[in-house]
Amino acid sequence: MSEYLLDLTKEFAGRRVLVTGGTRGIGAATAQRFIDGGAKVVVTARNTHAETPKSATFIAGDTRTLEGAQKVAREAIAALGGLDILINNAGAARLHLPASTAISDEEWVDSLNINFLAALRITYASLDELVKTKGSIVNVTAGGRIAFGGPMAHYGAAKAALNNWSESLAKEVAPKGVRVNIVSPGPIITPGGDEVRNTITQAMGITDAQFFATVPLEGRAGKAQDLAEAIVFLASQRASYITGDTLFVGGGWGTLAGI
Ligand SMILES: NC(=O)c1ccc[n+]([C@@H]2O[C@H](COP(=O)([O-])OP(=O)(O)OC[C@H]3O[C@@H](n4cnc5c(N)ncnc54)[C@H](OP(=O)(O)O)[C@@H]3O)[C@@H](O)[C@H]2O)c1
């Protein structure tokens, strides 16, 4: 039987996984998917939420500072007894209407901290463990191949930094057997995604249906579980020869040109 044909309920048995921002939305669905595959999972965030997986170990922390990021990495590795898979998923988008000139310097720094530097700092605090296990990292970025508009320029720039750094890191750690990949979501129904979409639709005076009509694939929204499948695939042994790559999960949004 091919090594790729396997029992998905046991795929991650014995694997130790850290999912940042794993208490709701895409992170919670991803954490649950790893648990369903038999993994031991730590989720980190500032708070738990109703959808936080009950079988995950929660470690509280604000990862916008070096100390906060290093603390959650250290405590997660201690709780798990090592680390095989790191999912840098925590992120936050805020809109500043009408244009990027409305974004304060403080907000630029905040966006870089949560959307880029948190992943970088947690990764460097975990890298020795991941080298020991020839582990796997998946970083969650945003959008397709297009730039965000002015009101979200700080978010787009921070995610672009995360994309570029992820590729550098992939090259650097590949000789040690550590893989680094990127998942880039389109418009997904989550608490954070809903907040951003509501602000956009209200500002533009359009409905949700009109908003999602820009998605090539049936004009529909994505679910957190759609992202979880892509993330666990890239983290798994099924993707053992894939590194430095990006999987866009957005129904063609931001990746397929319109007609
Ligand atoms: N949903 C979409 O349409 C969409 C589209 C493109 C990209 N993405 C990206 O996908 C990822 C997940 O998004 P989502 O929609 O699932 O977001 P979400 O529903 O807002 O969940 C974000 C998670 O990150 C945690 N988090 C936020 N700020 C934090 C901080 N300072 N320190 C520690 N944890 C923090 C949140 O918990 P606490 O608030 O309790 O800390 C929560 O667990 C993000 O990186 C986002 O940028 C999402």
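Me: Is N163 buried, partly exposed or exposed?

Reply: Start with the cut-offs. Buried means under 20% relative accessible area, and exposed means over 50%. Partly exposed is the class in between. In this predicted model, N163 has 24% relative accessibility, so N163 counts as partly exposed.

Me: Where does N163 lie, and which residues is N163 in contact with?

Reply: N163 lies in helix α4. Leaving aside neighbours within four places in sequence, N163 is in contact with T141 and I182. Then check a distance along the chain. N163 and A153 are ten residues apart in sequence, and their C-alpha atoms are 15 Å apart.

Me: What does the side chain of T141 do with the side chain of N163?

Reply: Look for N and O atoms within 3.5 Å of each other. The side chains of T141 and N163 make a polar contact at 3.1 Å.

Me: Where is T141 found, and is T141 buried or exposed?

Reply: T141 is in the loop between β5 and α4. Its relative accessibility is 3%, so T141 counts as buried. Beyond four places in sequence, T141 touches K159, L162, N163, I182, V183, S184 and P185.

Me: Which residues does V183 touch?

Reply: Read the list with residues up to four places away left out. V183 touches V138, N139, V140, T141, L227, A230, I231, L234, L247 and V249.

Me: Where is E229, and is E229 buried, partly exposed or exposed?

Reply: E229 is in helix α7. At 40% relative accessibility, E229 counts as partly exposed. E229 and G25 are 204 residues apart in sequence and 13 Å apart in space, C-alpha to C-alpha.

Me: Where is the place of N88, and what polar contact does the side chain of N88 make?

Reply: N88 sits in strand β4. Its side chain makes a polar contact with the side chain of N139 at 2.9 Å. N88 is buried, because its relative accessible area is 3% and the cut-off for buried is under 20%.

Me: Which residues is N88 in contact with?

Reply: Again, skip the neighbours within four places in sequence. N88 is then in contact with T20, A119, I122, T123, I137, V138, N139 and V140. N88 and V140 are 52 residues apart along the chain, and 6.1 Å separates their C-alpha atoms.

Me: In which helix does W108 lie, and which residues is W108 in contact with?

Reply: W108 lies in helix α3 (residues 105-133). With neighbours within four places left aside, its contacts are I103, A153, H154 and A157. W108 and A153 are 45 residues apart in sequence and 9.0 Å apart in space, C-alpha to C-alpha. W108 is partly exposed, with a relative accessible area of 29%.

Me: Which residues come nearest to the ligand?

Reply: Read a ligand site in steps: shell, polar pairs, cover. There are 30 residues around the ligand, and T23, R24, N89, Y155 and T190 come nearest. By class, the shell divides into eleven nonpolar, 14 polar and five charged residues. Helices α1 (25-36), α4 (153-173) and α5 (191-204) each supply at least two residues of the shell. Helix α5 gives the most, with three.

Me: How far is an oxygen atom of the ligand from an N or O atom in the side chain of R24?

Reply: The R24 side chain has an N or O atom 2.8 Å from a ligand oxygen. R46 places a backbone N or O atom 2.8 Å from an oxygen atom of the ligand. In the R64 side chain, an N or O atom is 3.4 Å from a ligand nitrogen. Now the cover. On its own the ligand has 880 Å² of accessible area, and the protein covers 92% of that.

Definitions and conventions:
Residues are numbered from 1 along each chain as its sequence is written. This is a predicted model: local features need pLDDT of at least 70, side-chain atom pairs count only at pLDDT 80 or more; totals for chains, interfaces and linings use all residues. Side-chain values use heavy atoms; hydrogens and water are left out. A residue is near a molecule or strand if one of its heavy atoms lies within 4 Å of it. A polar contact is a pair of N or O atoms within 3.5 Å; within protein, one must be able to donate a hydrogen and the other to accept it, and residues adjacent in sequence count only if both atoms are side-chain atoms. Accessible areas come from the Shrake-Rupley method with a 1.4 Å probe; for residues, only the protein chains shown count as cover. Helices (H or I, at least four residues) and strands (E, at least two) are DSSP runs, numbered from the N terminus. Ala, Val, Leu, Ile, Met, Phe, Trp, Tyr, Cys and Pro count as nonpolar, Asp, Glu, Lys and Arg as charged, and the others, Gly among them, as polar. Contact means heavy atoms within 4.5 Å. Buried means under 20% relative accessible area, exposed over 50%, partly exposed in between (1.4 Å probe, protein chains only).
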